[in-house]
Amino acid sequence: QVQLVESGGGLVQPGGSLRLSCAASGFTFSTYAMSWYRQAPGKERELVATITRAGGSTNYADSMKGRFTISRDNAKNTLYLQMNSLKPEDTAVYYCNAEIATIAGPMDYWGKGTLVTVSS
């Protein structure tokens, strides 16, 4: 059974940093690209960043470029998101995502999310 468990969220002041983690299980983590999404109150879920299977390539939403870094440790089946220079508009629930091949076709799996609040 696929499980994605996010952790590391919390309250941080503007300009501060947080590191999110996503522990993955139930699938071969190293064979899938992984992503972070976020959903702010009253807004649609949006893509934050994606990383390829071996971590050799990453992509970011424009508003996160230069501030956020996605990484992974395939030996630990863990995905990370380092967030620096946080802004109040970064306040959101952050979700780990994997699109996994199934007999019925690709299926999106999500964790329950971790809340990040940026406020003074």
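Trainee: Let's start with charge. How many positive and negative side chains does the chain have, and how far apart do the centres of the two sets lie?

Mentor: There are 11 positive and 9 negative side chains, and the two centres lie 5 Å apart. Keep in mind that this is a predicted model.

Trainee: What makes up the fold, in helices and strands?

Mentor: Strands: the chain has 11 of them and 0 helices. Going along the sequence, you read β-β-β-β-β-β-β-β-β-β-β. The radius of gyration is 14 Å, and the globule rule gives 14 Å for 120 residues, so the chain is as compact as a globular protein of that length. The C-alpha trace spans about 45 × 30 × 25 Å along its principal axes.

Trainee: How much of the chain counts as buried, and what does the chain expose?

Mentor: Of the 120 residues, 38% count as buried. The chain exposes about 6500 Å², with carbon and sulfur atoms supplying 48% of that area.

Trainee: What share of the contacts with a separation of 6 or more comes from residues 24 or more positions apart?

Mentor: Those pairs account for 52% of them.

Trainee: On to the cysteines. Why is the pair Cys22 and Cys96 called a disulfide?

Mentor: Check the sulfur atoms: they are 2.1 Å apart. The cut-off is within 2.5 Å, so the pair qualifies as a disulfide. The count for the chain comes to 1 disulfide.

Trainee: Which parts of the chain does the pair link?

Mentor: Distant ones: Cys22 is in strand 3 (residues 18-25) and Cys96 in strand 9 (residues 92-102), 74 residues apart. Both Cys22 and Cys96 are buried.

Trainee: What is the handedness of the disulfide of Cys22 and Cys96, going by the torsion about the S-S bond?

Mentor: That torsion is about -80°, so the disulfide is left-handed.

Trainee: How do you know whether Met83 is buried or exposed?

Mentor: Its relative accessible area is 0%, and buried means under 20%, so Met83 is buried. Met83 lies in strand 8. Leaving out residues up to four places away in sequence, Met83 touches Gly16, Ser17, Leu18, Leu20, Arg67, Phe68, Tyr94 and Val116. Take Ser17: it is 66 residues from Met83 along the chain, yet their C-alpha atoms are separated by 5.4 Å.

Trainee: And Asn74, what does it count as at 26% relative accessibility?

Mentor: Buried needs under 20% and exposed needs over 50%, so at 26% Asn74 counts as partly exposed. Asn74 lies in the loop between strand 7 (68-73) and strand 8 (78-83). Beyond its neighbours within four places in sequence, Asn74 is in contact with Phe29, Ser30, Arg53 and Ala54. Lys87 is 13 residues from Asn74 in sequence, and their C-alpha atoms are 30 Å apart in space.

Trainee: Where do Asn77 and Ser85 lie?

Mentor: In loops. Asn77 is found between strand 7 and strand 8, and Ser85 between strand 8 and strand 9. At 27% relative accessibility Asn77 counts as partly exposed, and Ser85 is partly exposed with a relative accessible area of 41%.

Terms used
Residues are numbered from 1 along each chain as its sequence is written. This is a predicted model: local features need pLDDT of at least 70, side-chain atom pairs count only at pLDDT 80 or more; totals for chains, interfaces and linings use all residues. Side-chain values use heavy atoms; hydrogens and water are left out. Helices (H or I, at least four residues) and strands (E, at least two) are DSSP runs, numbered from the N terminus. The radius of gyration is taken over C-alpha atoms; the globule rule is 2.2 Å times the number of residues to the power 0.38. Buried means under 20% relative accessible area, exposed over 50%, partly exposed in between (1.4 Å probe, protein chains only). Contact means heavy atoms within 4.5 Å. Accessible areas come from the Shrake-Rupley method with a 1.4 Å probe; for residues, only the protein chains shown count as cover. Lys and Arg count as positive and Asp and Glu as negative; His and the chain ends are not counted. The place of a charge is taken as NZ of Lys, CZ of Arg, CG of Asp or CD of Glu.
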